[in-house]
Amino acid sequence: MAIKTVYIARHGYRSNWLPTGPYPAPPTGVIDDVQLAPHGLEQAEELAKYAKSLDVKPELAFSSPFYRCLQ
């Protein structure tokens with residue numbers, strides 16, 4: 001079967017994009033591996049709801065190993 005549709009999404013709003021700190025420490029200890037801000041978590045939930053609403057569900061998901069991408 002040929003691939004007919006590809007969805008591309010980026011991680012949500014990062015915690016270190018907030019206008020003021022303090023910023024949470026990276027959960028993995030890697031300086032650039034920051035977590036999502038509360039708004040980013042809401043964005044991730046909205047994306048999940050959208051994916052669940054599709055008539056044809058995605059069969060595969062590829063992700064960066066960064067914490068915010070896996071959230």
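Helices (H or I, at least four residues) and strands (E, at least two) are DSSP runs, numbered from the N terminus. This is a predicted model, in which local features need pLDDT of at least 70 and side-chain atom pairs count only at pLDDT 80 or more, while totals for chains, interfaces and linings use all residues. Residues are numbered from 1 along each chain as its sequence is written, and side-chain values use heavy atoms, with hydrogens and water left out.

**View A. Glu-46 belongs to helix H1.** Glu-46 is exposed, with a relative accessible area of 55% (buried means under 20%, exposed over 50% and partly exposed in between, with a 1.4 Å probe and protein chains only). Look also for Lys-4: its C-alpha atom is separated by 23 Å from that of Glu-46, and the two residues are 42 apart along the chain.

**View B. The largest pocket has a volume of about 1,300 Å³.** On a 1 Å grid over the protein atoms alone, a pocket is an open set of points with protein on both sides within 12 Å along at least five of seven lines, whereas a cavity is a set where a 1.4 Å probe fits but cannot get out; lining residues have an atom within 4 Å of a point. Grid points are joined across faces, edges and corners, and the volume is the space filled by probe spheres set on the points. Here 33 residues form the lining, and Tyr-7, Pro-58, Leu-60, Ala-61 and Phe-62 lie nearest the centre of the pocket. Helix H1 (38-53) and helix H2 (67-70) each supply at least two lining residues, with H1 giving the most, five residues. By class, the lining has 20 nonpolar, seven polar and six charged residues (Ala, Val, Leu, Ile, Met, Phe, Trp, Tyr, Cys and Pro count as nonpolar, Asp, Glu, Lys and Arg as charged, and the others, Gly among them, as polar).

**View C. The structure holds two aromatic pairs.** Rings of Phe, Tyr and Trp (its six-membered ring) pair if their centres lie within 6.5 Å; planes under 30 degrees apart count as stacked, over 60 as edge-to-face and the rest as tilted. Tyr-7 and Tyr-50 make an edge-to-face pair, 6.4 Å centre to centre with 75° between the planes. Tyr-7 lies in the segment before H1 and Tyr-50 in helix H1, so this pair ties together parts that are 43 residues apart in sequence. Tyr-7 is partly exposed at 48% relative accessibility, and Tyr-50 is partly exposed at 44%. Tyr-13 and Trp-17 also pair edge-to-face, at 5.5 Å centre to centre and 80° between the planes. Both partners are partly exposed: Tyr-13 has a relative accessible area of 27% and Trp-17 one of 36%.

**View D. Arg-68 lies over the face of Phe-66.** The distance from the ring centre is 4.5 Å (a charge sits over a ring if NZ of Lys or CZ of Arg is within 6 Å of the ring centre and within 35 degrees of the ring normal). The side chain of Arg-68 also joins that of His-11 through a polar contact of 3.4 Å. Such a contact is a pair of N or O atoms within 3.5 Å; within protein, one must be able to donate a hydrogen and the other to accept it, and residues adjacent in sequence count only if both atoms are side-chain atoms. His-11 lies in the segment before H1 and is buried, at 18% relative accessibility.

**View E. The peptide bond from Gly-21 to Pro-22 is cis.** Its omega is near 5°. Pro-22 sits in the segment before H1, and Pro-24 is placed in the segment before H1 too. Pro-24 is partly exposed, at 36% relative accessibility. From Pro-24 to His-39 it is 14 Å in space, C-alpha to C-alpha, and 15 residues in sequence.
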